[in-house]
Amino acid sequence: MRMKELSLRQDPDLRKELALLARGCDFVLPSRFKKRLRAFHAEQGQAAQPPPAISVLSVSPQAQVKSEAPVPTALSESIPKFYFPRGRPKANLNIDGLIAKIEKIFSQFPNERATIEDMGKVAKACECPLYWKAPLFNSAGGDRTGFVSVHKFVAMWRKMLQTCHDDVSKFVHLLAKPGCNYLEQEDFIPFLQDVVNSHAGLAFLKEASDFHSRYITTVAQRIFYNVNRSWSGRISCSELRKSSFLQNVALLEQEEDVNQLTEFFSYEHFYVIYCKFWELDTDHDLYIDQRDLARHNDQAISHKMIERIFSGTVTRRLRKDGRLSYADFVWFLISEEDKKTDTSIEYWFRCMDLDGDGVLSMYELEYFYEEQCVKLETMAIEPLPFEDCLCQMLDLVKPEVEGKITLRDLKQCKLSHIFYDTFFNIEKYLDHEQKDPFSVVREAETEGQEISDWEKYAAEEYDILVAEETTTDQLLTGYCVVVLGTPQTSKDKLGRMRERLLCLAR
């Protein structure tokens, strides 16, 4: 009603008559005003009504042609699809032809049923790498029945071809739990167990079943260390596409020596990690406390940093009593020995960022440097004043914002290992101090052109462990020949003693 009154007052004729009425003029008749008011209300009512529908019969042929003119396509419909979370569909995919190949392979098996030993042929018929055989077997229900029928497998694979259009989405679908589009650590266990059971380079592990779970745990942690860049504990298809994991899985078929696959599957790397953990785990329950970890590398890492590791900022499996699991030790050791990778830079940044604000402040740097100074003084080495050390580190990192070091700054500077060792690893800090500054610059410039720091460390430590084992074997051989009797008897007893000794050494 108020809107109508406003519109009414804007009528120039009515406004004039209203003004005359206000002045008390007699020649303005109320009846005339009311008539004008009713006419105005009628006009307003007609304007508010919807326009009448036009009958098709009354439309002229010219108007009908115009009404049938094509409507321009909406902008959203003209944009081609560009997001394919399950891979880009292949234009000329012959699903029936692929299914025919699979059915032909199943016809070779008794009752057209495939066991896990037969799944290698089925995987190749599916045009998949050989070591996809266990995920294919389990996804078709073979883990429950011990075999897979041709009908069940074909139904599963046909649906897979229709919904998953690249290797990454297929692999995730095979391993993931029903309804999940991501992989968790336990999802890799059946796949890795099959690698242990069937790969020629791990044949010696068949008899040592106790070490299967340790090797599988190590490989699983390395997979998440390198692939799960979001630190979520869940590997997405996007993260898997950006990694080299599936390429390494394909190489398992071609490479008999798993030690050549240093990124994930190397047994030598597992051996080094496990031996280092076993030295610290005195009660051998696969958990260590802060005092145990402090003994690593002759107490090179500061106590403040060890406290931060046990605070939970970079761990997932701390027990209620605050002890660290073997799985978390894998992350620690790789990050400690190679501080140049993105994951290790993020690992130590989380530890040093005490307040979690995403910035290393001068207070936080001083907090960690104080213990370094104390250690240097006990070694009769005069420490550099914090102000001078800070100037060196700021020149090293060159942060975008003065006085605030961010994760991005450390990733861009290419010398993050020197920065971190300065604040919590006394031995490596002294090594850097004794190096030629120009050699450090050359190392930063040639980064990526040689093997990583972790691979260097693992190779060196493995050689040391093998040398120690060889020396022990020679001592035991002499002892057995002298004390235990004939060479044949000593050989049998030597084997048993060697196994016990290796268990203790580990």
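These are my notes on a few places I looked up in this structure, which is a predicted model.

Entry 1, Ser325. I looked for Ser325 and found it in strand β6, which spans residues 324–325. Is Ser325 buried or exposed? Its relative accessibility is 5%, so I put Ser325 down as buried, the cut-off for buried being under 20%. I then listed its contacts, leaving out residues up to four places away in sequence. Ser325 touches Phe277, Leu286, Tyr287 and Arg317.

I took helix α12 to be residues 189–198 and asked which of its residues are buried. I wrote down Phe191, Leu192, Asp194, Val195 and Val196. What do the buried residues of α12 pack against? I found four names to record: α8 (133–139), α11 (167–175), α13 (212–227) and α15 (245–254).

I checked the UniProt record, an unreviewed entry, and it annotates residues 340–375 as "domain: EF-hand". In the model, I read this stretch as 69% helix and 6% strand. The C-alpha atoms at the ends of residues 340–375 are 25 Å apart.

How values were computed: Residues numbered from 1 in each chain as written. Predicted model: local features only at pLDDT ≥ 70, side-chain atom pairs only at ≥ 80, totals over all residues. Heavy atoms only, no water. Helix = DSSP H or I, 4+ residues; strand = E, 2+ residues; numbered from the N terminus. Buried < 20%, exposed > 50% of the residue type's maximum accessible area, 1.4 Å probe, protein only. Contact = heavy atoms within 4.5 Å. UniProt positions renumbered as here; feature names shortened; annotations may be inferred.
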